[in-house]
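Subject: Structure for your files

Hello,

Please find the structure we spoke about below. My notes come after it.

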Amino acid sequence: MKNSKPSKVRLDKLLGSLGYCVRKEVSALLRDGVITHTLNLPLKSDTKVSHEEILYEGEPLDPPTGIVILMNKPLGLVCSHDEGEGRLVYDLLPARWRLRDPKISTIGRLDKETSGLLLLTDDGALLHRLTSPKHKVPKVYEATLDRPLKGNEGEIFTSGTLMLNGEKSPCLPAKLTIIDETHVTLEITEGRYHQVRRMFAAVGNHVTALHRSSFGELRLEGLKEGEYRLTML
Ligand code: URA
């Protein structure tokens, strides 16, 4: 069982890790009254504090390390840290969160032209666990197809024999649900590169729109495009 007593760390380390400032700026921020104690206790840069005790501009601090964010990713944003690749999903978060250490990263990726449920975390162990091929989390995608279904796609996808171009092993069984002849949902438990688009390409079709509606038990639940909320995993 986890120790429920909040751990104490140096104030400058805490604020630095949350991206508020660099550690050496803390003294000036204390002097200017930007950083205060909830009970007005005296503070110095090296005072050992817990997250809950500190206010920044009179407000509680951003969520502590171990954050998990559920975002409704809009089309056109990329799941990369490289600004050269265009608008980033990280641009939707508070600017300060880009400076956090450990860094916030996406749990797997959605293509630039895929919308929907995206998870982000600064928890390296969680990230590793959920992106490992061993961890088979069901993910549901809503796809719009360029051509009407032929009728055999469901059988091919559940067979566990579908080979994608350039891959050494077949796709694990996936569940196709038909809405109409050009609209489907597909549940997959892997996260191969462009997997849903490539699965439809492998059966002679083309995905024209793709949206992820769930990740394990998690759903968007009314979250609008571009919005996010904190969640637990
Ligand atoms: N499959 C795709 O083709 N693209 C995604 O973004 C996710 C799954």
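This is a predicted model: local features need pLDDT of at least 70, side-chain atom pairs count only at pLDDT 80 or more; totals for chains, interfaces and linings use all residues.

Residues are numbered from 1 along each chain as its sequence is written, and side-chain values use heavy atoms, with hydrogens and water left out.

Around the ligand are Leu110, Asp111, Thr114, Tyr141, His194, Gln195, Val196, Arg197 and Leu210 (a residue counts as near if one of its heavy atoms lies within 4 Å). By class, this shell has four nonpolar, three polar and two charged residues (Ala, Val, Leu, Ile, Met, Phe, Trp, Tyr, Cys and Pro count as nonpolar, Asp, Glu, Lys and Arg as charged, and the others, Gly among them, as polar). Helix α5 (residues 195-202) gives the most to the shell, with three residues (helices are DSSP runs of H or I with at least four residues, strands are runs of E with at least two, and both are numbered from the N terminus). The ligand lies between domain 2 (68-131 + 219-231) and domain 3 (138-215), because both give residues to the shell; the bounds come from an automatic or database domain assignment.

The side chain of Thr114 has an N or O atom 3.1 Å from a ligand oxygen atom. A backbone N or O atom of His194 is 3.2 Å from an oxygen atom of the ligand (a polar contact with the ligand is a pair of N or O atoms within 3.5 Å).

Asp101 and Pro102 are joined by a cis peptide bond, with omega about 5°. Pro102 is in the loop between β6 (68-73) and β7 (105-106). Asn40, not a glycine, has a positive phi of about 60°.

Regards

Note on methods
A polar contact is a pair of N or O atoms within 3.5 Å; within protein, one must be able to donate a hydrogen and the other to accept it, and residues adjacent in sequence count only if both atoms are side-chain atoms.
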